[in-house]
Amino acid sequence: MTDVGQLAARTLLVGFDGTDPPAWVRQAAADLGGVVLFGDNLRADGDAARISKILRADADVQLAADEEGGDDTRLHYTTGSPTPGNYVLGAADDVAATRAVAGSIAAELRAAGVLLNLAPDADVNSNPANPVIGVRSFGADPALVSRHTVAYVEGMQAHGVAACAKHFPGHGDTSVDSHLELPTVALSEAEWRRVHLPPFAAAIRAGTRTVMTAHIRFPALDPSAPATLSRRVLVGLLRDELGFDGVVITDALEMEAIAATYGA
């Protein structure tokens, strides 16, 4: 019988410091939900493929990265991404181009053994003072963000890499960086449904394999807990209302929005 510890381990998507997986990661990797690679792990061309080979020497391990392109890149952390980011793609408003860019990123990830990309950012950047989303968003118009989110999901998954629509229920109307503290969104539920829900609903209809949570307090949706820890948001809305039956992934739990309030 599988014990509770083993079941708990299967929910963890862990990172590590440095360019070589430490012994504990190599020993635990097969029993985890997966391993996520960040820029500090990938300092040279080929590092992702090299790490993948090390971790998969003994078992089939799920590898993830958040390769959004543009300003938010992992595979090209030291040199800068060769592909445009969401803001540029949204400004061009050519869904075929967005689909092609996502496909190009997916092909590079797949070649390196990374089969889960924590992208696209499906947030509607409705607050110009937003310090954490900004150019990571396709724009401020819900319809534009929806169609490019769908194109990105389709382009990514057509090349065998799972997409992740983030950050549910929407991080676009914040003025605080959730890496540093817990933001509060003071919108009504009706305004959320009009502006911030459509891209996530569209991504789910398009078949996104995963959805990432936002570390935000959204009192109109749940006054008792931030979205990442909210049953009302993640079960009542995401699972039951929107019908999402894929994998739900939290944003990083060491971010101060959670670590400094509830604890990782």
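## Legends to close-up views of the predicted model

**View 1. The largest nonpolar core.** Of the 56 residues in the largest nonpolar core, Val35, Leu37, Leu109, Met156 and Phe168 touch the most other members. A nonpolar core is here a set of buried Ala, Val, Leu, Ile, Met, Phe, Trp, Tyr and Cys residues joined through side-chain atoms within 4.5 Å; buried means under 20% relative accessible area, exposed over 50%, and partly exposed in between (1.4 Å probe, protein chains only). Met156 is in contact (heavy atoms within 4.5 Å) with Ala102, Gly103, Ile105, Ala106, Leu109, Asn117, Val161, Ala162 and Ala163, not counting residues up to four places away in sequence. Another core, of eight residues, lies apart from the largest one and includes Val36, Ala64, Leu118 and Ile249. The model is predicted: local features need pLDDT of at least 70, side-chain atom pairs count only at pLDDT 80 or more, and totals for chains, interfaces and linings use all residues. Residues are numbered from 1 along each chain as its sequence is written, and side-chain values use heavy atoms, with hydrogens and water left out.

**View 2. The chain as a whole.** Ten helices and seven strands make up the secondary structure listed for the chain; these are DSSP runs numbered from the N terminus, helices being H or I of at least four residues and strands E of at least two. The radius of gyration is 18 Å, close to the 18 Å that the globule rule gives for 264 residues, so the chain is as compact as a globular protein of that length. This radius is taken over C-alpha atoms, and the rule is 2.2 Å times the number of residues to the power 0.38. The C-alpha trace spans about 50 × 45 × 30 Å along its principal axes, and buried residues make up 51% of the 264 residues. Among contacts between residues at least 6 apart in sequence, 72% join residues at least 24 apart.

**View 3. Helix 8 and its cover.** Seven of the nine residues of helix 8 (residues 197-205) are buried, so this helix is largely enclosed by the rest of the structure. The buried residues are Leu197, Pro199, Phe200, Ala201, Ala202, Ala203 and Ile204. Their cover includes helix 6 (142-157), strand 5 (164-168), helix 7 (189-195) and helix 9 (231-241). Just after helix 8, Gly207 takes a positive phi of about 95°.

**View 4. Asp93 in the loop between helices 4 and 5.** Asp93 is placed between helix 4 (86-92) and helix 5 (95-111), and its phi is near 50°, a positive value in a residue other than glycine. With 34% relative accessibility, Asp93 counts as partly exposed. Leu144, Arg147 and His148 are touched by Asp93, residues up to four places away in sequence not being counted. Asp93 and Arg147 are 54 residues apart in sequence, yet 9.1 Å apart in space, C-alpha to C-alpha.

**View 5. Surroundings of Asn86.** Asn86 lies in helix 4 and is buried, with a relative accessible area of 3%. Not counting residues up to four places away in sequence, Asn86 touches Glu68, Asp121, Val135, Arg136, Ser137, Phe138 and Tyr152.

View 6. The bond from Ala119 to Pro120 is cis, with omega near 20°; Pro120 lies in the loop between strand 4 (116-117) and helix 6. Phe168 and Pro169 are likewise joined by a cis peptide bond, with omega about 10°, and Pro169 is in the loop between strand 5 and helix 7.
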